[in-house]
Amino acid sequence: MTRQNILVTGGAGFIGSHYVRTLLGPDGPGDVRVTVLDKLTYAGNPANLDPVRGRPEFSFVQGDVCDPRTVGELVAEHDQIVHFAAESHVDRSIAGAGAFVHTNVLGTQVLLDAMLRQHGTDGTFVHISTDEVYGSLDVGSWPETDPLRPNSPYAASKASGDLLALAHHRTHGMDIRVTRCANNYGPHQFPEKVIPLFLTRLLDGRKVPLYGDGENIRDWLHLDDHIQAIELVRTRGRAGEIYNIGGGTELSNKELTDRLLTVCGYGWDRVEYVEDRKGHDRRYSVDCSKITAELGYRPRKPFETGLLETYAWYRDNRAWWEPLT
Ligand code: NAD
């Protein structure tokens, strides 16, 4: 079997680093060389890659996906790209959208250009998008064919990158595969996102801020299940196709808060209601029947187990998150 050369952008972040650790771990495909390209923004943490550092099949390059020279050199040596690098926090995009357009749109275009130039229709480009590109819905679930109606600057920038990638399939015949996943949770997530924010605050005995009426609904996807789905798409997905990835656990923020309080041994007196996020999407829900039928994807981690494991990780890894809070 020929060795696969995979360039993972944003591989020092929450999901990308778990992807790299899995690829090079005992359950990985075993025939891969992995290079991470990461700018190491506030969200990138080199420690996330400690378990694979020093392995001959692994290299790390600190650099920007918007830099055509660095990207061109790396893409010449890798005919597969799994593109995670992004500015990823909605609240930050409300405070200022510039970095989001830069990385999520321009960075994606730089990677696509390099891939087209170096590998034409032979390379494989897996673009990690988000369910937030669909907007918000009250009932039912979005199939991949639904129109995109992103509401936050973050979601709009992700939708732009997602559409640019698909346009490169239609225009140039490139092998582009897009995934649109639900909210992820698990270890190594920067403590600005709701689950690690609440866990780290509760572990410190502090109060947690709940947006608006707490009735916004999200579907929760464990990292392990997300990685399982990405690997199915990378190895068996079809060019030009979009695959929704869900976790199968829809919870309102109030329900989620209740579970986090229980896990940490606290009551509702620890909760502070705060002014809602501007333009806060009410509900996200993706229809996963395509990836289930075509690639056999099924989320395996029950939410209760995943949440307990995540709690235990934050409890036992203060040295990782304390400098970040
Ligand atoms: P993250 O913020 O934890 O990590 C992003 C990584 O990208 C960091 O390591 C950062 O240093 C790097 N990066 C940022 N700008 C860069 C640039 N210009 N050049 C190179 N590297 C850069 O994000 P995450 O939660 O791991 O998300 C990964 C991907 O998954 C993103 O594309 C995100 O939009 C998508 N996604 C995430 C979720 C979620 O729940 N976390 C849900 C849906 C989709």
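This report walks through the sheets, a few helices and some single residues of a predicted model.

In this predicted model, local features need pLDDT of at least 70, side-chain atom pairs count only at pLDDT 80 or more, and totals for chains, interfaces and linings use all residues. Residues are numbered from 1 along each chain as its sequence is written, and side-chain values use heavy atoms, with hydrogens and water left out. Helices (H or I, at least four residues) and strands (E, at least two) are DSSP runs, numbered from the N terminus.

## Two sheets

Let us begin with the strands. Strands of a sheet pair through backbone hydrogen bonds, either parallel or antiparallel. Here two strands pair if DSSP finds at least two bridges between them.

You can look for threonine 9, which stands opposite leucine 37 in E2.

Another open sheet has three strands in the order E7-E9-E11, and its pairing is mixed. E7 and strand E11 (250-252) are the edge strands, each pairing on one side only. Neighbouring strands of this sheet are turned by 45 degrees against each other on average, direction ignored. E7 and E9 run parallel, with three bridges between them; asparagine 184 has leucine 221 in E9 as its bridge partner.

## Helix H7 and its partners

Next comes a helix pair. Two packed helices are described by the angle between their axes and the distance between the axes. Helix H1 (residues 14-23) and helix H7 (residues 223-236) pack at an angle of about 70 degrees, with axes 10 Å apart. That angle makes H1 roughly perpendicular to H7; angles under 35 degrees count as roughly parallel, over 145 as roughly antiparallel, 65 to 115 as roughly perpendicular and the rest as oblique. In this contact, Phe14, Ile15, His18, Tyr19, Thr22 and Leu23 of H1 meet Leu223, Asp224, His226, Ile227, Ile230, Glu231 and Arg234 of H7. The contact residues divide into seven nonpolar, three polar and three charged. For this count, Ala, Val, Leu, Ile, Met, Phe, Trp, Tyr, Cys and Pro are nonpolar, Asp, Glu, Lys and Arg are charged, and the others, Gly among them, are polar.

How many of the 10 residues of H1 are buried? Nine of them are, where buried means under 20% relative accessible area, exposed over 50%, and partly exposed in between (1.4 Å probe, protein chains only). Among the buried residues of H1 are Gly16, Val20 and Arg21. The buried residues of H1 pack against strand E1 (4-9), strand E2 (32-38), strand E3 (58-62), strand E4 (80-83), E7 and H7.

Helix H6 (residues 194-203) is mostly covered too, with seven of its 10 residues buried. They are Ile195, Pro196, Leu197, Phe198, Leu199, Thr200 and Leu202. Their packing partners include strand E8 (208-211), helix H8 (253-264) and helix H10 (303-316). After H6 comes glycine 205, whose phi is positive, near 75 degrees.

## Some single residues

Most residues other than glycine have a negative phi, and most peptide bonds are trans. The table sets out how accessible some single residues are.

| Residue | Relative accessible area | Class |
|---|---|---|
| Arginine 170 | 61% | exposed |
| Leucine 40 | 23% | partly exposed |
| Histidine 188 | 14% | buried |

Leucine 40 lies in the loop between E2 and E3, while histidine 188 is found in the loop between E7 and H6. Arginine 170 has its place in helix H5 (residues 153-172). From arginine 170 to proline 56, the separation is 114 residues in sequence and 37 Å in space, C-alpha to C-alpha.

How values were computed
Contact = heavy atoms within 4.5 Å. Axes fitted to C-alpha atoms, helices over the stretch in contact; angles between N-to-C directions.
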